[in-house]
Amino acid sequence: MTATAQTPSSPAVPPVPPTAEKRPTSRTHHGDTVTDPYEWMREKDAAELTAHLEAENAYTEARTAHLAGLRERIFQEIKSRTLESDLSVPTRRGQWWYYGRTVEGSQYGIQCRAPLASPDDWTPPVLSPDVAVPGEQVLLDGNVEAAGEEFFSLGSFEVSNDGTTLLYGVDVAGDERYTIRVRDLVSGENLRDEIPETFAGATFSPDGRFIVYTTVDDAWRPDTVWLHELGTPVTDDVKLFHEPDERYWVGADFTHSDRFLMIEMGSSITSEEWLLDADDLRGTPRVVWPRRDGVEYSSEHAVVDGQDVLYILHNDKALDFELVRVAASDPAGARETVIAHEPGRRLLGLSTFRDWAVAGYRRDGLERLGMLDYATGAVSELAFDEPLYSVGLSGNPEWAPPMLRLGYGSFVTPGTVYDYVVATGELLLRKRQPVLGGYEVSDYAQERVWATAHDGTQVPVSLVWKRSFGAPAVDGPRPVHLYGYGSYEHSIDPGFSVARLSLLDRGVVFAVAHVRGGGEMGRQWYEDGKMLRKRNTFTDFVDAARHLVDAGYTTPDRLVAEGGSAGGLLMGAVANLAPELFGGILAGVPFVDALTTILDPSLPLTVIEWDEWGDPLHDAEVYAYMKSYTPYENVREGVTYPRILAVTSLNDTRVMYVEPAKWVARLREVGADALLKCELVAGHGGVSGRYNAWKERAFELAWILDVLGLADDAPAQ
């Protein structure tokens with residue numbers, strides 16, 4: 001049976017790690033038989049598993065007990081730098097300003113609104129936590145809704161266009177299945193409409209009569225779009241669309257113009273969209289472009305010269321995508337090129353408004369925004385001063401606004417809200433995230449350096465540090481916290497973190513390796529880090545770490561790596577590839593038993609993942625390639641692993657708890673110092689509630705500092 005961790009009676013007696021029972025099971029694919037002693041841990045409801053996870057948690061707590069004081073200090077540092085009672089910048093929609101509140105001592109946000117001063121009021125009111133807001137109406141208090149629950153998450157939140165009704169979707173388990181509830185905002189009472197077992201992202205129809213929502217299949221794939229008429233039984237809901245192909249997920253939303261319902265299907269490499277007139281939701285949807293393997297596209301509606309048109313962003317013979325315009329009545333007809341394909345400029349999306357549109361794209365590793373003139377097709381890029389930054393549209397529900405709401409930030413600039421006045425190009429600062437305790441942007445520095453990969457590719461590495469400790473490499477090696485992801489074309493863009501200050505102020509340099517498989521450098525960057533080129537993701541990270549060591553930024557014993565989810569797979573892979581390069585590795589909800597998962601189409605989301613990783617079930621080459629890098633399969637005998645901390649959640653439906661549990665058990669077999677921390681009531685994103693999240697991050701940061709030899713250091717003043 002599973003051993004339990006023993007708490008030492010004195011510091012001289014080390015705690016004993018749990019020993020997982022071995023129950024060998026075998027699987028055979030493509031003539032290869034693998035015997036797995038720990039697959040029994042997949043039995044989530046088994047008493048033996050519960051006992052084992054509890055023992056792992058007890059062992060981890062015993063091994064990190066000496067950090068309890070540091071954890072509390074870091075938690076207090078995060079808390080003391082955060083304005084606990086605060087309000088977001090109000091966003092105009094209809095006759096109301098919508099905003100969120102946080103209240104000191106409360107775990108969850110409060111969603112509110114207040115009436116406009118006049119129909120011409122486009123300047124958001126400046127709100128203060130200490131001053132009552134005239135006419136304020138509380139729409140939803142997350143603390144009230146979460147009362148009595150250990151976990152709480154909102155997956156849908158929307159007010160009808162006429163402002164009278166609210167829908168919200170609640171998950172109290174962490175499994176990302178939400179119950180939709182509907183509230184009358186005039187009376188404040190919930191209606192009888194309640195829809196269980198839905199996916200995130202439900203929405204009202206423009207007239208407020210209907211709710212459009214999606215449900216998932218047994219593999220947690222959103223596969224069906226439904227129409228619910230308010231006041232009618234859920235059993236009468238109409239199935240608008242069902243996607244039987246297990247490779248595709250389904251979603252639905254109304255165009256910004258409210259003219260159409262857009263039903264979207266997508267895999268990692270192929271997409272398809274269907275249109276329904278918003279005033280005839282029981283009608284028959286019509287396809288925009290029939291799906292073609294490898295072709296991705298997305299559509300936005302606009303009215304140009306009195307005609308309904310669709311702007312379609314696509315990659316048909318355009319690796320980094322191009323933008324075309326077609327008649328909404330005949331999407332398969334003549335295409336007018338609006339933004340031509342340009343290699344190295346990855347078009348990301350288009351947001352249409354009544355009089356113009358905003359194009360989002362990526363160039364030279366950074367996000368960009370450009371105003372698109374409907375008449376000329378000209379794109380005017382918005383300029384920002386910092387060399388590294390992130391920018392994007394943020395909450396623009398109105399169809400014809402005179403200004404655009406932007407979100408902006410960098411590694412050193414706290415999250416900032418701007419309004420961009422389209423007519424003048426003026427950028428109006430509405431709010432910058434307050435950081436208490438005397439934070440000064442000028443005390444910190446950021447830069448990007450380049451590491452040479454094994455094949456000569458230049459891999460960007462972003463760095464941020466506190467200036468008072470000197471410039472890394474120039475003034476000697478420093479402790480470094482290196483983060484990576486590198487999958488799904490997801491980019492790790494410059495962003496500010498209050499919690500990160502607890503590392504920077506102790507002399508740690510934070511770094512991001514922008515490895516292939518991500519999207520930082522365009523679509524080819526992604527293509528070169530997936531499927532049968534996935535190893536580039538791992539070797540890029542190793543080469544980035546080696547560059548930081550060889551160039552004098554750090555030393556292996558002062559280098560801690562971190563990644564989560566698919567980035568956790570990256571962590572497991574680099575631990576096997578180059579254990580000598582790292583003092584520690586933090587793997588969050590890590591996808592470390594990838595081959596077992598991707599071989600089983602009955603598991604959540606597996607079939608969808610074949611376009612990202614390959615299909616090892618039916619393709620022997622993919623099977624052999626994945627087996628050559630998956631962390632659990634490749635734990636090595638006779639090497640010294642860095643210290644490892646794996647963090648997971650029991651109810652995670654994306655990367656199941658069993659993967660890190662098995663991985664840690666296997667690592668222990670070869671003598672690795674590996675810890676497992678499993679949240680027993682949480683999902684893929686970890687615990688819920690901001691104070692709980694701060695405590696969780698404080699635990700992880702304290703462990704990082706301990707590995708770096710800085711557990712006793714106080715932050716610099």
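How many bridges join strand 33 to strand 35, and in which sense do the two strands run? The first legend answers this. The model shown in these views is predicted.

**View 1. Strand 33 and its partner strands.** Four bridges link strand 33 to strand 35, which covers residues 509–513. The two strands run antiparallel. Within this pairing, Val-464 stands opposite Phe-510 of strand 35. Strand 33 also pairs with strand 32, residues 444–452. That pairing is antiparallel too, and it spans nine bridges. Here the bridge partner of Ala-445 is Trp-465 in strand 33. Strand 33 itself takes in residues 458–466, and eight of its nine residues are buried.

**View 2. The hairpin of strand 32 and strand 33.** These two strands form a hairpin. Five residues lie between them. Look in the turn for Gly-456, which has a positive phi of about 90 degrees.

View 3. Inside the order, strand 25 (residues 357–363) and strand 26 (residues 366–372) are joined by seven bridges. Val-358 stands opposite Met-371 of strand 26.

View 4. Glu-197 is not a glycine, yet its phi is positive, at about 60 degrees. This residue sits in strand 11, which runs over residues 190–198. Its relative accessibility is 44%, so Glu-197 counts as partly exposed. Asp-305 is another residue other than glycine with a positive phi, near 55 degrees. Asp-305 belongs to the loop between strand 20 (297–304) and strand 21 (307–314). Is Asp-305 buried or exposed? Asp-305 is exposed, because its relative accessible area is 75%, and the cut-off for exposed is over 50%.

**View 5. Helix 7, enclosed by the rest of the structure.** Helix 7 has twelve residues, 566–577. From first C-alpha to last, the helix reaches 17 Å, close to the expected 16 Å. Eleven of the twelve residues are buried, so helix 7 is largely enclosed. Among the buried residues are Leu-569, Leu-570, Met-571 and Val-574. Gly-567, Gly-568 and Gly-572 are also on that list, and so is Asn-576.

**View 6. Glu-612, a buried residue with no salt bridge.** Glu-612 lies in helix 9, residues 606–613. Which side chain of opposite charge is nearest to Glu-612? The nearest one is Lys-530, 4.8 Å away. The side chain of Glu-612 does have a polar atom 3.0 Å from the backbone nitrogen of Tyr-488.

**View 7. Asp-207 and its contacts.** Asp-207 sits in the loop between strand 12 (203–204) and strand 13 (210–216). Its relative accessibility is 45%, so Asp-207 counts as partly exposed. The side chain of Asp-207 makes a polar contact with the side chain of Ser-205, at 2.6 Å. A polar atom of the Asp-207 side chain also lies 3.0 Å from the backbone nitrogen of Arg-209. Now find Asp-258. In sequence, Asp-207 and Asp-258 are 51 residues apart. In space, their C-alpha atoms are 9.5 Å apart.

Conventions: Residues are numbered from 1 along each chain as its sequence is written. This is a predicted model: local features need pLDDT of at least 70, side-chain atom pairs count only at pLDDT 80 or more; totals for chains, interfaces and linings use all residues. Side-chain values use heavy atoms; hydrogens and water are left out. Buried means under 20% relative accessible area, exposed over 50%, partly exposed in between (1.4 Å probe, protein chains only). Two strands pair if DSSP finds at least two bridges between them. The expected span of a helix is 1.5 Å times one less than its number of residues. Lys and Arg count as positive and Asp and Glu as negative; His and the chain ends are not counted. A salt bridge is a side-chain nitrogen of Lys or Arg within 4 Å of a carboxyl oxygen of Asp or Glu. A polar contact is a pair of N or O atoms within 3.5 Å; within protein, one must be able to donate a hydrogen and the other to accept it, and residues adjacent in sequence count only if both atoms are side-chain atoms.
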